[in-house]
Amino acid sequence: MNINDYTGLPYNFRTRNCWHHVRNVRADAGLETPEFDVISPTQIQAAFDDGHSEPKGLKQVFEPQNFDAVLMCVKVAGRMVWHAGVYYEGFVSHCELAARQVRLEALSDLRDRFSEIEFWR
């Protein structure tokens with residue numbers, strides 16, 4: 001599989017949001033990834049909170065390997081806002097709302113934008 005094949009795929013909250021993207025990429029790599037039920041954007045924060053307290057088989061790691069899930073957090077207006085992607089060779093493939101599509105960005109660039117970055121396998 002080529003991680004670049006996902007770049008440019010359109011964002012759609014119901015069919016391709018950031019966690020859908022993580023699940024799809026990892027499934028294509030033969031890895032199981034838990035589903036977290038989110039039916040509206042207002043539930044996203046609760047899903048990330050639930051995932052941290054009950055990760056459904058994922059384990060946090062501190063050195064990423066290809067196809068690890070990447071959780072990224074930034075503080076916006078006093079609240080923590082989480083986002084997810086997939087690590088690959090120093091880059092993160094993620095489905096970004098602002099870009100309305102899947103992007104492939106260097107992890108080093110994402111570290112400049114997000115205050116917390118976690119890796120889960």
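Before I start, let me say that helices here are DSSP runs of H or I with at least four residues, that strands are runs of E with at least two, and that both are numbered from the N terminus. What we are looking at is a predicted model, in which local features need pLDDT of at least 70 and side-chain atom pairs count only at pLDDT 80 or more, while totals for chains, interfaces and linings use all residues. Residues are numbered from 1 along each chain as its sequence is written, and side-chain values use heavy atoms, with hydrogens and water left out.

Let me begin with helix H1. At its start, a side-chain oxygen of Asn 17 comes to within 3.0 Å of the backbone nitrogen of Trp 19. That is a polar contact, meaning a pair of N or O atoms within 3.5 Å where, within protein, one must be able to donate a hydrogen and the other to accept it, and where residues adjacent in sequence count only if both atoms are side-chain atoms. Just after H1, Gly 30 takes a positive phi of about 80°.

Which residues of H1 are buried? They are Cys 18, Trp 19, His 21, Val 22, Val 25 and Arg 26, where buried means under 20% relative accessible area, exposed means over 50%, and partly exposed is in between, using a 1.4 Å probe and protein chains only. Seen down the axis of H1, these buried residues fall within an arc of 155°, so they line one face of the helix; the arc is that of the directions from the helix axis to the C-beta atoms. As background, an α-helix has 3.6 residues a turn, so residues three or four places apart point the same way.

Now to the charged side chains. The model has six salt bridges, each being a side-chain nitrogen of Lys or Arg within 4 Å of a carboxyl oxygen of Asp or Glu. One of them joins Glu 35 and Arg 23, at 3.9 Å from N to O. This pair links distant parts of the chain, since Arg 23 is in helix H1 and Glu 35 is in the loop between helix H1 and helix H2, twelve residues apart. Glu 35 is partly exposed at 46%, and Arg 23 is partly exposed at 28%.

Another salt bridge is between Glu 96 and Arg 113, whose closest N and O atoms are 3.2 Å apart. Glu 96 lies in strand S4 and Arg 113 in helix H3, so the pair ties together parts that are 17 residues apart in sequence. Glu 96 is buried, at 12%, whereas Arg 113 is partly exposed, at 37%. Glu 105 and Arg 103 also form a salt bridge, at 3.5 Å, and Glu 96, Arg 103, Glu 105 and Arg 113 are linked in a network of salt bridges.

Finally, the rings. There are two aromatic pairs, for which rings of Phe, Tyr and Trp (its six-membered ring) must have centres within 6.5 Å, with planes under 30 degrees apart called stacked, over 60 edge-to-face and the rest tilted. Phe 67 and Tyr 88 make a tilted pair, with 5.3 Å between centres and 55° between planes. Phe 67 lies in the loop between strands S1 and S2 and Tyr 88 in strand S3, so parts 21 residues apart in sequence are tied together. The rings of Tyr 87 and Phe 119 have centres 6.2 Å apart and planes at 80°, so this pair is edge-to-face. Both Tyr 87 and Phe 119 are buried.
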